Structure formats: structure tokens, C-alpha cells
Amino acid sequence: MKTSNKIIALIFGLLILIPALVVATIIIKYKSGNFTRLDVKSGMITQTFPGIKNITLRDLRSLYIIPSDSLYAEVTTNENYQPVKFNIQGDAVLIYADSVRFNGNNPRNNNEQDYQRRQNSVWLYLPAAYTAMIENCGITLSTDGKKAEPEGINLQLINSSINDDIIDSSGVRFRKLTITGDRSLIGFGSHFQAGEMDLSLKNKSTLDISTSNIGNLMLNADSSTSIHLSGQQLNSVIQKK
């Protein structure tokens, strides 16, 4: 075979092989669950996390935590929102958006550092077996309305705030809520219900569940923590050591 014919054959072979490899890669990713699906109608991206054991979220302005049987996230595709990024390494995933560092009125004043969260929204569907580490986020504990009594939620908060959007006190009741808070604000409303709440708070954290319906409350807080409880809740407090 002439050299020119060999080159032509090689070119045609590559033209066939490359698309086949691309299709095979897509099929493998889809079957393994490590695939990002775009729902154009609802304007949401759904990201699954097969094999993930460690979850960290950072610099998200609107983070919704929803109890679930499977781990995945939904992200809005609104063009006016700051893009949310996923960094997966081994069995760990980092979900984050870029934040703006602000040093008070003087840009050179490193003693007054703050981080301004960009506009973005993430819905994290979190099974009870996972613990999410969350830093510099605004969190809303929500439900999908399918479970009357979710198993539980486990969160580690750093410089974050959490509340709830439950509007019907006859509805969802969490079995157990476990939260550690460092420089964080925890505040649940009058419709929030939990059979058991396990809290560890420090470094000027704030807790306000004075109107919530809590069964057993296990609490460990340092002297800098601000706590607001009702008389009934005080009777249910079990101080952790």
C-alpha cells in the first residue's frame, strides 16, 4: 500500500474512532450516575455524586438543605446568578461560588475581613447518613413534602446562618437534627418540629428556637454563645459534656 493510501486510511480511521470514544465515555458516565443533567424547562441543573462520602459547601448565598434518600444537588441556571462550581476529588466534593473579600472601609485593613456572597441558589438533597460541612453560607432547612418524618440532618457550620421555611406545624417533623456551629446563627420558627436536636456551639454563635417544637434537646455551648429557649424547652435540655 502506498504511503498516501495509508495516510488516508489513518485519517478515516481516526474520524470513526474519536466519535465512538466520545459516545462510549458519555454512556459510561451516565450508567455510573456521574452525569450532569440540564432541565431546560425548569432552568435547573441536576448533579449527582456517586461514590462521594465527604461534602463541603462554601460561599453560597441561598443554600437549601432537603432530607432525601439519595445525594444530589440542583443549581439554577439563571444567567443573572453567579455560577456554582463543583470540585470532585476522590470521595470528596466541594460545592462553591466565588466570593468577594471585603476589608472594611480600608482595603489594607486585614483585621476587618469579610466575604460577600454572590447571588446564587443551590438545593442539596442530603441523606441522613451524610454530614455536610458548610462555610460562609445562608442556609434554609426545607422539605420536599413527601416525608412526614425525615430521618435526620447532620451539619457542621462555620460562619453561616440557618433557618427553616416550614409553614405548617401539622406537617413535617424531623427525627433528629445534629448541628455543630462555629460563629454561626441557628434560628428555627414556630412550625419547626424535631424529635431530637443535638447542638454544639462556640465562638459567639447564636441559637434561637424559643418558639420551635423540640422533643429532647442536647446542648453543648461555650460562654460566648447566645441562647434563646422557652421554659418548656429548658425542661428538655440535656447538657452535653
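Begin by selecting Asp59, which counts as buried because its relative accessibility is 11%, under the 20% that sets the limit for that word. Keep in mind from the start that you are looking at a predicted model.

**A second residue with positive phi**

Now move to Lys204, which is also not a glycine and yet has a positive phi of about 60°. You will find Lys204 in the loop between β17 and β18 (206–208). Is Lys204 buried or exposed? Lys204 counts as exposed, because its relative accessibility is 70% and the word applies over 50%.

**The whole protein**

Zoom out for a moment and colour the model by secondary structure, which comes to two helices and 21 strands. Of the 241 residues in the protein, buried residues make up 35%. If you then show the surface, you are looking at an accessible area of about 14,000 Å², of which 51% belongs to carbon and sulfur atoms. To see how the chain comes back to itself, consider the contacts between residues at least 6 apart in sequence: 50% of them join residues at least 24 apart.

**Strand β13 and its two partners**

Select residues 152–158, which form strand β13, a mostly covered strand in which five of the seven residues are buried. Which strands pair with β13? One is strand β11 (residues 131–135), which pairs with β13 in the parallel sense over five bridges. Within that pairing, look for Glu135, whose bridge partner in β13 is Ile158. Another is strand β15 (residues 174–182), which runs parallel to β13 and is joined to it by seven bridges. Here you can pick out Asn154, which stands opposite Thr178 in β15.

**Salt bridges**

Side chains of opposite charge can pair when their charged atoms come close. How many salt bridges does a search of the whole structure find? The search finds four, and three of them are visited here, beginning with the one between Arg58 and Glu135, in which the closest N and O atoms are 3.5 Å apart. Arg58 lies in strand β3 (residues 54–58) and Glu135 in strand β11, so this pair ties together parts that are 77 residues apart in sequence. Arg58 is partly exposed, with a relative accessible area of 31%, and Glu135 is likewise partly exposed, with a relative accessible area of 30%.

Next select Glu196 and Lys176, whose side chains meet in a salt bridge at 3.6 Å from N to O. This pair also links distant parts of the chain, with Glu196 in strand β17 (residues 193–202) and Lys176 in strand β15, 20 residues apart. Glu196 is partly exposed, with a relative accessible area of 24%, and Lys176 is partly exposed too, with a relative accessible area of 32%.

Then go to Asp182 and Arg183, which form a salt bridge with their closest N and O atoms 3.4 Å apart.

**Strand β12, the last stop**

Finish by selecting residues 138–141, which form strand β12, and show their side chains where there are any. Which way do the residues of β12 point? Gly138 and Thr140 point one way, while Ile139 and Leu141 point the other way, and all are buried.

Definitions and conventions
Residues numbered from 1 in each chain as written. Predicted model: local features only at pLDDT ≥ 70, side-chain atom pairs only at ≥ 80, totals over all residues. Heavy atoms only, no water. Buried < 20%, exposed > 50% of the residue type's maximum accessible area, 1.4 Å probe, protein only. Helix = DSSP H or I, 4+ residues; strand = E, 2+ residues; numbered from the N terminus. Pairing = 2+ DSSP bridges. Contact = heavy atoms within 4.5 Å. Areas by Shrake-Rupley, 256 points an atom, 1.4 Å probe, with all protein chains shown as cover.
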